Amino acid sequence: MKTSLKRISNALLNSTPSDTMAYENNDGIIAIDAGTGFVKCVSAHIRVSFPSVYGTRRKTRWEDPKEGTVEAVGYDAVKMSVYPDTVLVRAVLEGKIAEEKAFVAIIREAVKKLGRERDVGSLVVVMGLPYGAAQQKQYLEKLVERSLKPRQVLVIPQSIGTLLSEDARTGMVLSIGQGTTELVLFEDLKPVAGTSIPQACDYLYEDLTYLEHEKNIVDKKKVDALTTILANKLAVFQTKLNREYDVYVSGGGVLVERLCESLQAKAHDSLRMVKDPIYSNAQGLYKLGQMLSSTGGQQGISHPQ
Ligand SMILES: Nc1ncnc2c1ncn2[C@@H]1O[C@H](COP(=O)(O)OP(=O)(O)OP(=O)(O)O)[C@@H](O)[C@H]1O
Ligand SMILES: [Mg+2]
């Protein structure tokens, strides 16, 4: 653990200047936040989001006499499910790779949606993982290397993105995603303590109904139960710390009706709801890629063990 934290601090403390705003958009970097619910991807020019789902079905005899198979990703996979034999799977569960083939399909789709299929070999791809998924770091790196063949892959604790997108370096992040709620303390960009809480937006929705959050009204009692759990975990975490920190709240959960008000009412301190909760991790990962490539510090970045 020490070695790896030292490597993080070397990379982050020694090679990242204090002004995190001072970077030009770098076209050689893309960030992919492959979440349990949605993939969020960011480049210098655009950002895109789509569901982290992958579908396959057999072609009908009308489409192909030999009956091949059809694959689809994201909203196309969701649409495909009108065919009764469609197999629809989630590529990511609790922030971790659930199905390798499906995961590769969604990250390829991310590169395609960013319009970078042709020059992916020249790109630095920055990806995030939950704090509690450090053991998947090398596996994810190898998988991305093998399947996208980029110039370089960086895998880092995803919630650092929230801090960076808020131009902060020290503070607690409470990121309420689909599969996990991340609670991580960063000291000058070093992840010093954290936990991945299994209750998140999946707790509020049945199966894939979260995809239609505009239409589906979330049960008030479930929101209340979720915020009670999260406020309690936050309070327990805070009791272990030597001082008070700002708490930055991000993730799609921030946009769920009444969730923020309910959480704030139960939290001891005032919470900072971030400006761009859905994209804050991806946007911040992109920013970290810019910072590290401009300082040549990317070799040392690693996940806490
Ligand atoms: N505008 C919105 N209003 C209400 N809910 C929203 C909105 N946008 C997204 N959500 C909800 O946010 C959740 C997804 O959040 P997010 O994209 O942060 O999770 P994730 O990154 O996929 O998951 P994880 O980080 O746990 O792996 C979904 O339940 C979705 O319904
Ligand atoms: Mg997420």
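The secondary structure of the chain comprises eight helices and 15 strands, where helices (H or I, at least four residues) and strands (E, at least two) are DSSP runs numbered from the N terminus. This is a predicted model, in which local features need pLDDT of at least 70, side-chain atom pairs count only at pLDDT 80 or more, and totals for chains, interfaces and linings use all residues. Residues are numbered from 1 along each chain as its sequence is written, while chains are lettered from A and ligands numbered from 1 in the order in which they are written.

Of the 305 residues, 45% count as buried; a residue is buried if 20 or more other C-beta atoms, placed from the backbone, lie within 10 Å of its own, exposed if 12 or fewer, and partly exposed in between.

Helix H4 (residues 137-148) has 12 residues and spans 16 Å from first to last C-alpha, close to the expected 16 Å, which is 1.5 Å times one less than its number of residues. Its two faces are set out below.

| Face of H4 | Residues |
|---|---|
| Buried | Leu140, Val144 and Leu148 |
| Exposed, turned away from the buried side | Gln138, Lys142 and Arg146 |

Leu140, Val144 and Leu148 are buried. They lie on the same side of H4 because they cover an arc of only 30° around the axis, taken from the directions from the helix axis to the C-beta atoms. The buried residues of H4 pack against strand S8 (96-97), helix H3 (100-113), strand S9 (124-129) and strand S10 (152-157), a contact being two C-beta atoms, placed from the backbone, within 7 Å. Just after H4, Lys149 takes a positive phi of about 50°.
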